[in-house]
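This report concerns pairs of oppositely charged side chains. Please consult the sequence and the coordinates shown below while reading.

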Amino acid sequence: SASITTVSENGQCSSCGDLLNKYSLAGSEFNQILEKIRRIVSGKESSLRDIRRFSQFSDQNGPFNIIIDGSNVAFHKHGYEFSFDQLINLVKEIETQFPEEKPLVILPAFRVSSLEKQFPNATKIFEELKIKKQLFVSLSSDDWCWLFGALYQKQNGWLVTNDEIGSNYFTLINGPILKKYKRYHQIKFDFTNGTPILHLPKPYTHCVQKLNDSCWMFPMANDLWLCIQADN
């Protein structure tokens, strides 16, 4: 029998009652992207050094399963104004929602240095994050660093950014795999009166699935699904 059905927030089919599965990248796909990043930055000594520094930092102090694109968070809807409140509030929100995970903010050195010169309290804020092992400062562009950092955690990693990760140098990595990674591991955010709102990936994967020996699920438009169950 076939029926048009809906799926609950936790992925349960309203027709057959089964839960949809969530799929991630295969280990080989993570390794492929990480190696591709290493090759791309191999000609940029500072970026290559950042990746090596991050790997060592993570191995010694991690794992950091939630990587935060600090600049993307702090500048969100603030133009050229860096919002310390937004950044710190988002870190606290992650600590509340994921008390067993270690969040890590990544910022470029030039940004940290500039902010410390502009704002008297910046040094104290950054030092507090460093003491808690919640801040990693990249020596060069932070883009490669936060992407590599999130991928380095493989299946357990989450990346907090509203960046669409669609610039030309990112697509050099592997477009289809990167798109799949974003769908499964990217946490987007917003703020309402200063309070962070996290938009987590769905706990199930939007694709054709065989749920058991007698049921298939096919995604349709407008959040509808086609549930096909074998007749008894």
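The model is predicted: local features need pLDDT of at least 70 and side-chain atom pairs count only at pLDDT 80 or more, while totals for chains, interfaces and linings use all residues. Residues are numbered from 1 along each chain as its sequence is written, and side-chain values use heavy atoms, without hydrogens and water.

Side chains of opposite charge can pair when their charged atoms come close. The structure contains 9 salt bridges (a side-chain nitrogen of Lys or Arg within 4 Å of a carboxyl oxygen of Asp or Glu).

| Pair | N to O distance |
|---|---|
| Lys180 and Glu29 | 3.1 Å |
| Asp50 and Arg53 | 2.8 Å |
| Glu127 and Lys130 | 3.9 Å |

Lys180 forms a salt bridge with Glu29. Because Lys180 belongs to helix 8 (residues 168–185) and Glu29 to helix 1 (residues 27–41), the pair ties together parts 151 residues apart in sequence. Helices are DSSP runs (H or I, at least four residues), numbered from the N terminus. Lys180 is partly exposed at 23% relative accessibility, whereas Glu29 is buried at 15%; buried means under 20% relative accessible area, exposed over 50%, and partly exposed in between (1.4 Å probe, protein chains only).

Asp50 and Arg53 both lie in helix 2 (residues 45–61), 3 residues apart, about one turn of the helix. Asp50 is buried at 2% relative accessibility, and Arg53 is partly exposed at 27%.

Methods. Helix = DSSP H or I, 4+ residues; strand = E, 2+ residues; numbered from the N terminus.
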